[in-house]
Amino acid sequence: MNRPLGFDAQGLELPRPDADAIEHSARLVTAIVARIEESGGMIGFDEYMHMALYEPGLGYYSGSSIKFGAHGDFVTAPEISPLFGASLARQATALIAQGCGSRILEFGAGSGRLCGHILTALPELERYLILDLSGELKQRQQHYLRNCLSPEQFARIEWLSGLPAGFDGIVVANEVLDAMPVHLLSKQDSWLELGVGYDGQRFGWQTFAPGARVLDAIRGIESRLGQFPRDYRCEVNLNYAPWFQALAQSCERAAVIVIDYGYEQEEYYHPERRLGTLDCYYQHRSHGDPLVYPGLQDITASIDFDACADAAVASGFDILGLVSQRQFLLANGLLELAQQQSRDGNIHEQLALSQQVKTLTMPDEMGSRFKVLALKKNLELEMPAMRRGGDIG
Ligand SMILES: C[S@@+](CC[C@H](N)C(=O)[O-])C[C@H]1O[C@@H](n2cnc3c(N)ncnc32)[C@H](O)[C@@H]1O
(Lines give C-alpha, C1' and ligand atoms only; values in the text may rest on other atoms or scores of the structure.)
Protein backbone atom coordinates (compact mmCIF):
# COMPACT_ATOMS: atom_id res chain seq x y z
CA MET A 1 0.00 0.00 0.00
CA ASN A 2 1.77 3.15 -1.09
CA ARG A 3 -0.87 5.70 -0.21
CA PRO A 4 0.37 8.40 2.14
CA LEU A 5 -1.41 7.93 5.39
CA GLY A 6 -2.13 11.11 7.27
CA PHE A 7 -0.03 9.95 10.21
CA ASP A 8 2.15 13.01 10.41
CA ALA A 9 -0.25 14.40 12.99
CA GLN A 10 2.02 17.39 13.54
CA GLY A 11 1.76 19.00 16.94
CA LEU A 12 -1.06 16.74 18.06
CA GLU A 13 1.12 14.34 20.04
CA LEU A 14 -1.10 11.38 19.34
CA PRO A 15 0.09 7.84 20.06
CA ARG A 16 1.21 6.09 16.87
CA PRO A 17 -1.13 3.32 15.66
CA ASP A 18 0.29 -0.18 15.11
CA ALA A 19 1.08 -1.57 11.66
CA ASP A 20 -2.32 -3.32 11.25
CA ALA A 21 -4.19 -0.13 12.09
CA ILE A 22 -2.05 1.86 9.64
CA GLU A 23 -2.74 -0.71 6.92
CA HIS A 24 -6.47 -0.54 7.69
CA SER A 25 -6.46 3.25 7.54
CA ALA A 26 -4.54 3.17 4.26
CA ARG A 27 -7.38 1.16 2.66
CA LEU A 28 -9.89 3.78 3.79
CA VAL A 29 -7.62 6.58 2.51
CA THR A 30 -7.59 4.84 -0.88
CA ALA A 31 -11.40 4.71 -0.93
CA ILE A 32 -11.73 8.39 0.08
CA VAL A 33 -9.11 9.49 -2.46
CA ALA A 34 -11.00 7.59 -5.20
CA ARG A 35 -14.20 9.40 -4.20
CA ILE A 36 -12.40 12.77 -4.23
CA GLU A 37 -11.01 12.03 -7.71
CA GLU A 38 -14.45 10.97 -8.99
CA SER A 39 -15.87 14.24 -7.66
CA GLY A 40 -13.34 16.39 -9.51
CA GLY A 41 -10.83 17.00 -6.70
CA MET A 42 -12.91 17.63 -3.58
CA ILE A 43 -15.74 16.26 -1.46
CA GLY A 44 -17.76 18.12 1.17
CA PHE A 45 -16.63 17.57 4.75
CA ASP A 46 -19.97 15.87 5.48
CA GLU A 47 -19.16 13.18 2.90
CA TYR A 48 -15.60 12.82 4.25
CA MET A 49 -16.98 12.40 7.80
CA HIS A 50 -19.53 9.87 6.58
CA MET A 51 -16.83 7.77 4.90
CA ALA A 52 -14.40 8.14 7.82
CA LEU A 53 -17.03 6.81 10.24
CA TYR A 54 -19.26 4.50 8.19
CA GLU A 55 -17.54 3.34 4.97
CA PRO A 56 -18.46 -0.39 4.96
CA GLY A 57 -15.74 -2.46 6.64
CA LEU A 58 -13.33 0.48 6.81
CA GLY A 59 -14.93 3.41 8.63
CA TYR A 60 -14.36 4.01 12.32
CA TYR A 61 -17.72 2.54 13.37
CA SER A 62 -17.83 -0.14 10.68
CA GLY A 63 -14.26 -1.34 11.32
CA SER A 64 -13.06 -3.75 13.97
CA SER A 65 -11.16 -1.51 16.42
CA ILE A 66 -12.17 -1.34 20.08
CA LYS A 67 -13.87 2.01 20.46
CA PHE A 68 -15.53 2.16 23.87
CA GLY A 69 -14.07 1.98 27.37
CA ALA A 70 -10.59 2.11 28.88
CA HIS A 71 -8.94 0.21 25.98
CA GLY A 72 -10.76 2.19 23.31
CA ASP A 73 -10.87 5.85 22.36
CA PHE A 74 -13.62 7.30 24.54
CA VAL A 75 -15.95 6.45 27.38
CA THR A 76 -19.73 6.88 27.27
CA ALA A 77 -22.16 6.89 30.22
CA PRO A 78 -23.11 3.18 29.92
CA GLU A 79 -19.39 2.32 30.02
CA ILE A 80 -18.95 4.39 33.16
CA SER A 81 -21.70 2.85 35.24
CA PRO A 82 -24.65 0.44 35.24
CA LEU A 83 -26.42 3.13 37.30
CA PHE A 84 -27.03 5.08 34.07
CA GLY A 85 -29.04 2.19 32.58
CA ALA A 86 -30.73 1.48 35.92
CA SER A 87 -31.96 5.13 36.07
CA LEU A 88 -33.21 4.89 32.49
CA ALA A 89 -34.99 1.64 33.42
CA ARG A 90 -36.79 3.54 36.21
CA GLN A 91 -37.89 6.17 33.72
CA ALA A 92 -39.03 3.42 31.34
CA THR A 93 -41.05 1.76 34.12
CA ALA A 94 -42.86 5.05 34.80
CA LEU A 95 -43.61 5.53 31.08
CA ILE A 96 -44.89 1.97 30.66
CA ALA A 97 -47.18 2.48 33.68
CA GLN A 98 -48.70 5.45 31.81
CA GLY A 99 -49.54 3.43 28.71
CA CYS A 100 -46.33 3.28 26.66
CA GLY A 101 -45.71 -0.13 25.07
CA SER A 102 -43.34 -2.39 27.06
CA ARG A 103 -40.64 -2.15 24.41
CA ILE A 104 -37.40 -0.24 24.00
CA LEU A 105 -35.86 0.63 20.65
CA GLU A 106 -32.22 1.62 21.11
CA PHE A 107 -30.35 3.40 18.33
CA GLY A 108 -26.58 2.92 18.08
CA ALA A 109 -26.16 0.46 20.97
CA GLY A 110 -22.33 0.66 21.05
CA SER A 111 -20.85 -2.16 23.12
CA GLY A 112 -24.34 -3.35 24.21
CA ARG A 113 -23.80 -2.35 27.82
CA LEU A 114 -26.80 -0.02 28.07
CA CYS A 115 -29.08 -2.79 26.80
CA GLY A 116 -27.57 -5.23 29.34
CA HIS A 117 -28.00 -2.79 32.22
CA ILE A 118 -31.60 -1.90 31.29
CA LEU A 119 -32.70 -5.53 30.85
CA THR A 120 -31.06 -6.47 34.16
CA ALA A 121 -32.88 -3.64 35.95
CA LEU A 122 -36.16 -4.19 34.08
CA PRO A 123 -36.48 -7.96 33.55
CA GLU A 124 -40.21 -7.71 32.79
CA LEU A 125 -39.62 -5.59 29.64
CA GLU A 126 -41.26 -7.47 26.74
CA ARG A 127 -38.89 -6.60 23.91
CA TYR A 128 -35.60 -4.74 23.36
CA LEU A 129 -34.92 -3.72 19.76
CA ILE A 130 -31.50 -2.53 18.58
CA LEU A 131 -30.83 -0.60 15.40
CA ASP A 132 -27.18 0.17 14.65
CA LEU A 133 -25.56 1.30 11.42
CA SER A 134 -22.55 -0.85 12.19
CA GLY A 135 -22.71 -4.59 11.45
CA GLU A 136 -19.41 -5.06 13.26
CA LEU A 137 -20.83 -3.51 16.47
CA LYS A 138 -23.92 -5.70 16.16
CA GLN A 139 -21.69 -8.80 16.39
CA ARG A 140 -19.92 -7.40 19.43
CA GLN A 141 -23.21 -6.51 21.09
CA GLN A 142 -24.49 -10.07 20.50
CA HIS A 143 -21.34 -11.61 21.95
CA TYR A 144 -21.40 -9.37 25.03
CA LEU A 145 -25.14 -9.69 25.73
CA ARG A 146 -25.24 -13.47 25.24
CA ASN A 147 -22.58 -13.74 27.95
CA CYS A 148 -24.02 -11.28 30.44
CA LEU A 149 -27.76 -12.03 30.28
CA SER A 150 -29.80 -15.16 30.95
CA PRO A 151 -31.00 -17.01 27.81
CA GLU A 152 -34.60 -15.79 28.52
CA GLN A 153 -33.47 -12.15 28.72
CA PHE A 154 -31.23 -12.51 25.66
CA ALA A 155 -34.18 -13.93 23.69
CA ARG A 156 -36.05 -10.64 24.21
CA ILE A 157 -33.49 -8.70 22.15
CA GLU A 158 -33.95 -8.29 18.43
CA TRP A 159 -31.46 -6.66 16.04
CA LEU A 160 -33.18 -4.73 13.29
CA SER A 161 -31.87 -3.79 9.87
CA GLY A 162 -34.34 -0.93 9.48
CA LEU A 163 -36.96 0.97 11.44
CA PRO A 164 -39.92 -1.13 12.62
CA ALA A 165 -43.47 -0.34 11.48
CA GLY A 166 -46.10 0.76 14.02
CA PHE A 167 -43.64 0.93 16.96
CA ASP A 168 -45.29 1.42 20.36
CA GLY A 169 -42.73 1.91 23.13
CA ILE A 170 -39.71 3.90 24.25
CA VAL A 171 -36.94 5.07 21.91
CA VAL A 172 -33.48 5.64 23.39
CA ALA A 173 -30.51 7.24 21.60
CA ASN A 174 -27.42 7.86 23.74
CA GLU A 175 -24.59 9.66 21.93
CA VAL A 176 -25.95 8.80 18.49
CA LEU A 177 -26.76 12.18 16.98
CA ASP A 178 -23.23 13.48 17.69
CA ALA A 179 -21.91 10.76 15.39
CA MET A 180 -23.90 12.03 12.39
CA PRO A 181 -21.95 13.81 9.63
CA VAL A 182 -22.05 17.60 9.67
CA HIS A 183 -21.37 20.35 7.13
CA LEU A 184 -18.50 22.65 8.12
CA LEU A 185 -18.83 26.36 7.41
CA SER A 186 -16.55 29.34 7.61
CA LYS A 187 -17.75 32.92 7.56
CA GLN A 188 -15.53 35.25 5.56
CA ASP A 189 -17.02 38.06 3.39
CA SER A 190 -19.78 35.53 2.85
CA TRP A 191 -20.37 31.95 4.02
CA LEU A 192 -18.04 29.28 2.62
CA GLU A 193 -18.34 25.54 3.08
CA LEU A 194 -15.28 23.43 3.88
CA GLY A 195 -14.45 20.48 1.65
CA VAL A 196 -11.65 17.92 1.65
CA GLY A 197 -9.11 17.52 -1.16
CA TYR A 198 -5.98 15.43 -1.54
CA ASP A 199 -2.60 16.70 -2.73
CA GLY A 200 -0.98 13.30 -3.33
CA GLN A 201 0.50 13.37 0.17
CA ARG A 202 -2.30 14.15 2.55
CA PHE A 203 -5.87 15.39 2.87
CA GLY A 204 -6.28 19.16 3.03
CA TRP A 205 -9.00 21.75 3.39
CA GLN A 206 -10.65 23.50 0.46
CA THR A 207 -13.63 25.82 0.32
CA PHE A 208 -16.66 26.12 -1.93
CA ALA A 209 -19.98 27.98 -2.07
CA PRO A 210 -22.47 26.14 0.17
CA GLY A 211 -25.55 24.53 -1.37
CA ALA A 212 -29.03 25.97 -0.82
CA ARG A 213 -30.01 23.75 2.14
CA VAL A 214 -26.84 24.48 4.08
CA LEU A 215 -27.09 28.20 3.35
CA ASP A 216 -30.76 28.29 4.40
CA ALA A 217 -29.88 26.56 7.67
CA ILE A 218 -27.04 28.92 8.62
CA ARG A 219 -28.94 32.02 7.50
CA GLY A 220 -31.91 30.89 9.59
CA ILE A 221 -29.62 30.68 12.62
CA GLU A 222 -28.12 34.10 11.87
CA SER A 223 -31.56 35.64 11.50
CA ARG A 224 -32.42 34.38 14.99
CA LEU A 225 -29.12 35.16 16.74
CA GLY A 226 -27.66 38.06 14.77
CA GLN A 227 -24.79 38.14 12.25
CA PHE A 228 -21.72 36.06 13.05
CA PRO A 229 -18.30 37.74 13.06
CA ARG A 230 -15.76 37.20 10.27
CA ASP A 231 -13.44 34.18 10.64
CA TYR A 232 -16.17 32.26 12.41
CA ARG A 233 -16.22 28.49 11.89
CA CYS A 234 -19.16 26.27 12.80
CA GLU A 235 -21.10 23.20 11.76
CA VAL A 236 -24.66 22.55 10.68
CA ASN A 237 -26.23 19.12 10.93
CA LEU A 238 -28.85 18.46 8.26
CA ASN A 239 -29.50 14.92 9.49
CA TYR A 240 -31.86 15.78 12.33
CA ALA A 241 -34.87 16.38 10.05
CA PRO A 242 -34.68 13.11 8.05
CA TRP A 243 -33.88 11.14 11.22
CA PHE A 244 -36.89 12.46 13.14
CA GLN A 245 -39.15 12.17 10.06
CA ALA A 246 -38.26 8.50 9.62
CA LEU A 247 -38.64 7.89 13.37
CA ALA A 248 -42.05 9.61 13.47
CA GLN A 249 -43.24 7.49 10.55
CA SER A 250 -42.11 4.35 12.34
CA CYS A 251 -43.76 5.21 15.69
CA GLU A 252 -47.45 4.64 16.31
CA ARG A 253 -47.15 5.77 19.95
CA ALA A 254 -43.85 6.52 21.61
CA ALA A 255 -41.72 8.33 24.14
CA VAL A 256 -38.31 9.30 22.76
CA ILE A 257 -35.27 9.97 24.97
CA VAL A 258 -32.27 11.53 23.23
CA ILE A 259 -29.15 11.93 25.39
CA ASP A 260 -26.10 13.70 24.07
CA TYR A 261 -23.65 16.53 24.58
CA GLY A 262 -24.61 19.83 23.11
CA TYR A 263 -26.16 23.20 23.64
CA GLU A 264 -29.18 25.29 22.95
CA GLN A 265 -28.63 27.43 19.86
CA GLU A 266 -27.64 30.66 21.57
CA GLU A 267 -24.82 28.90 23.36
CA TYR A 268 -23.88 26.59 20.47
CA TYR A 269 -23.41 29.49 18.07
CA HIS A 270 -21.99 31.90 20.64
CA PRO A 271 -19.77 34.55 18.99
CA GLU A 272 -16.86 33.39 21.17
CA ARG A 273 -17.13 29.76 19.98
CA ARG A 274 -15.24 30.70 16.82
CA LEU A 275 -13.96 27.22 15.97
CA GLY A 276 -17.21 25.29 16.27
CA THR A 277 -17.61 22.07 18.25
CA LEU A 278 -15.99 19.44 16.02
CA ASP A 279 -13.96 17.04 18.15
CA CYS A 280 -11.88 13.94 17.42
CA TYR A 281 -10.98 11.13 19.84
CA TYR A 282 -8.07 8.73 19.60
CA GLN A 283 -7.08 6.65 22.61
CA HIS A 284 -8.67 9.11 25.04
CA ARG A 285 -6.96 12.13 23.52
CA SER A 286 -9.25 14.78 22.16
CA HIS A 287 -8.12 17.12 19.37
CA GLY A 288 -9.55 19.13 16.47
CA ASP A 289 -8.07 17.59 13.29
CA PRO A 290 -10.50 15.20 11.54
CA LEU A 291 -8.14 14.72 8.58
CA VAL A 292 -5.56 12.63 10.46
CA TYR A 293 -5.86 8.93 11.35
CA PRO A 294 -8.81 8.36 8.96
CA GLY A 295 -10.93 5.44 10.16
CA LEU A 296 -9.00 5.10 13.42
CA GLN A 297 -10.40 8.04 15.35
CA ASP A 298 -13.91 9.10 16.26
CA ILE A 299 -15.18 12.39 14.81
CA THR A 300 -18.08 14.12 16.52
CA ALA A 301 -19.93 17.41 16.74
CA SER A 302 -22.08 18.66 19.62
CA ILE A 303 -25.84 18.68 19.28
CA ASP A 304 -27.79 21.83 18.45
CA PHE A 305 -30.76 20.99 20.69
CA ASP A 306 -32.95 23.78 19.27
CA ALA A 307 -32.50 22.46 15.74
CA CYS A 308 -33.23 18.95 17.04
CA ALA A 309 -36.39 20.06 18.83
CA ASP A 310 -37.58 22.00 15.74
CA ALA A 311 -36.99 18.94 13.54
CA ALA A 312 -38.82 16.70 16.02
CA VAL A 313 -41.85 19.02 16.24
CA ALA A 314 -41.98 19.41 12.43
CA SER A 315 -42.06 15.59 12.22
CA GLY A 316 -45.05 15.28 14.57
CA PHE A 317 -43.50 14.81 18.04
CA ASP A 318 -44.45 16.86 21.11
CA ILE A 319 -41.65 18.13 23.33
CA LEU A 320 -41.65 16.86 26.92
CA GLY A 321 -38.59 18.89 27.85
CA LEU A 322 -34.83 19.45 27.69
CA VAL A 323 -32.87 19.11 30.94
CA SER A 324 -29.32 18.37 32.00
CA GLN A 325 -28.23 14.73 32.35
CA ARG A 326 -27.63 15.54 36.02
CA GLN A 327 -31.23 16.55 36.60
CA PHE A 328 -32.60 13.62 34.58
CA LEU A 329 -30.56 10.99 36.43
CA LEU A 330 -31.11 12.45 39.90
CA ALA A 331 -34.86 12.69 39.28
CA ASN A 332 -34.83 9.05 38.21
CA GLY A 333 -33.36 7.85 41.48
CA LEU A 334 -29.62 7.71 40.70
CA LEU A 335 -28.58 8.36 44.32
CA GLU A 336 -31.05 5.86 45.74
CA LEU A 337 -29.90 3.21 43.25
CA ALA A 338 -26.27 3.92 44.17
CA GLN A 339 -27.06 3.61 47.88
CA GLN A 340 -28.88 0.31 47.35
CA GLN A 341 -25.89 -1.14 45.49
CA SER A 342 -23.45 0.37 47.97
CA ARG A 343 -25.05 -1.49 50.88
CA ASP A 344 -24.03 -4.85 49.38
CA GLY A 345 -20.54 -3.77 48.35
CA ASN A 346 -17.13 -3.58 50.04
CA ILE A 347 -15.32 -0.28 50.53
CA HIS A 348 -13.68 -0.40 47.08
CA GLU A 349 -17.02 -0.97 45.39
CA GLN A 350 -18.58 1.84 47.43
CA LEU A 351 -15.83 4.24 46.39
CA ALA A 352 -16.20 3.19 42.77
CA LEU A 353 -19.97 3.81 42.87
CA SER A 354 -19.48 7.23 44.40
CA GLN A 355 -16.95 8.10 41.65
CA GLN A 356 -19.41 6.89 38.98
CA VAL A 357 -22.18 9.11 40.39
CA LYS A 358 -19.79 12.08 40.31
CA THR A 359 -18.74 11.46 36.71
CA LEU A 360 -22.33 11.13 35.52
CA THR A 361 -23.66 14.18 37.36
CA MET A 362 -21.01 16.76 38.25
CA PRO A 363 -21.31 19.88 36.09
CA ASP A 364 -17.60 19.82 35.18
CA GLU A 365 -17.85 16.16 34.07
CA MET A 366 -20.95 14.85 32.21
CA GLY A 367 -23.60 16.50 34.37
CA SER A 368 -24.44 19.63 32.42
CA ARG A 369 -22.78 19.39 29.01
CA PHE A 370 -24.81 16.23 28.43
CA LYS A 371 -28.50 16.89 28.09
CA VAL A 372 -31.68 14.90 27.72
CA LEU A 373 -34.34 15.80 25.17
CA ALA A 374 -37.62 13.94 25.66
CA LEU A 375 -40.45 13.74 23.13
CA LYS A 376 -43.74 11.94 22.78
CA LYS A 377 -46.12 10.94 20.05
CA ASN A 378 -49.81 10.01 20.42
CA LEU A 379 -49.56 9.58 24.20
CA GLU A 380 -50.52 11.57 27.27
CA LEU A 381 -47.39 11.31 29.40
CA GLU A 382 -46.02 12.96 32.51
CA MET A 383 -42.25 13.03 32.90
CA PRO A 384 -41.45 14.90 36.13
CA ALA A 385 -37.72 14.43 35.45
CA MET A 386 -38.10 16.76 32.46
CA ARG A 387 -39.51 19.69 34.45
CA ARG A 388 -36.89 22.31 34.13
CA GLY A 389 -35.14 22.97 37.41
CA GLY A 390 -32.96 25.78 36.08
CA ASP A 391 -29.75 23.74 35.97
CA ILE A 392 -29.27 23.63 32.17
CA GLY A 393 -25.87 24.91 31.25
C1 LIG B 1 -20.68 7.35 20.01
S2 LIG B 1 -21.35 5.79 19.66
C3 LIG B 1 -22.43 5.61 21.05
C4 LIG B 1 -22.69 4.18 21.40
C5 LIG B 1 -23.62 3.92 22.59
N6 LIG B 1 -24.92 4.50 22.42
C7 LIG B 1 -23.00 4.38 23.89
O8 LIG B 1 -23.53 5.30 24.49
O9 LIG B 1 -21.99 3.80 24.30
C10 LIG B 1 -22.41 6.11 18.30
C11 LIG B 1 -23.20 4.90 17.81
O12 LIG B 1 -24.28 5.37 16.98
C13 LIG B 1 -24.38 4.55 15.82
N14 LIG B 1 -25.13 5.34 14.83
C15 LIG B 1 -24.80 6.52 14.27
N16 LIG B 1 -25.78 6.98 13.45
C17 LIG B 1 -26.79 6.06 13.55
C18 LIG B 1 -28.09 5.95 12.96
N19 LIG B 1 -28.55 6.87 12.11
N20 LIG B 1 -28.84 4.87 13.26
C21 LIG B 1 -28.39 3.92 14.11
N22 LIG B 1 -27.16 3.97 14.70
C23 LIG B 1 -26.39 5.02 14.41
C24 LIG B 1 -22.93 4.17 15.53
O25 LIG B 1 -22.83 3.03 14.71
C26 LIG B 1 -22.42 3.91 16.98
O27 LIG B 1 -22.77 2.63 17.42
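This is a tutorial dialogue on reading a few features of a predicted model.

Trainee: What does the confidence score say about the chain, and where does pLDDT stay under 50?

Mentor: The score is the predictor's confidence in each residue. Here the chain averages a pLDDT of 93, with 96% of the residues scoring at least 70, whereas pLDDT stays under 50 over residues 1-5, for which the model has 12 contacts beyond four places in sequence.

Trainee: Which residues of helix α13 are buried, and why do they line one face of the helix?

Mentor: An α-helix has 3.6 residues a turn, so residues three or four places apart point the same way. In α13, which spans residues 334-343, the buried residues are Leu-334, Leu-337 and Ala-338. Seen down the axis of α13, these buried residues fall within an arc of 100°, so they line one face of the helix. They pack against α4 (82-97), α12 (325-331) and α14 (347-361).

Trainee: In which sense do strands β2 and β3 pair?

Mentor: Strand β2 (residues 103-107) pairs with β3 in the parallel sense over 5 bridges, and Arg-103 stands opposite Arg-127 in β3. Because 4 of the 5 residues of β3 (residues 127-131) are buried, that strand is largely enclosed by the rest of the structure.

Trainee: Which residues come nearest to the ligand, and what classes make up the shell around it?

Mentor: Of the 18 residues around the ligand, Thr-76, Gly-108, Gly-110, Ser-134 and Asn-174 come nearest, while the shell by class has 11 nonpolar, 5 polar and 2 charged residues.

Key. Residues numbered from 1 in each chain as written. Predicted model: local features only at pLDDT ≥ 70, side-chain atom pairs only at ≥ 80, totals over all residues. Near = placed C-beta within 6 Å. Nonpolar A, V, L, I, M, F, W, Y, C, P; charged D, E, K, R; others polar. Buried ≥ 20, exposed ≤ 12 C-beta atoms within 10 Å, placed from the backbone. Helix = DSSP H or I, 4+ residues; strand = E, 2+ residues; numbered from the N terminus. Arc of directions from axis to C-beta. Contact = placed C-beta atoms within 7 Å. pLDDT = per-residue confidence, 0-100. Pairing = 2+ DSSP bridges.
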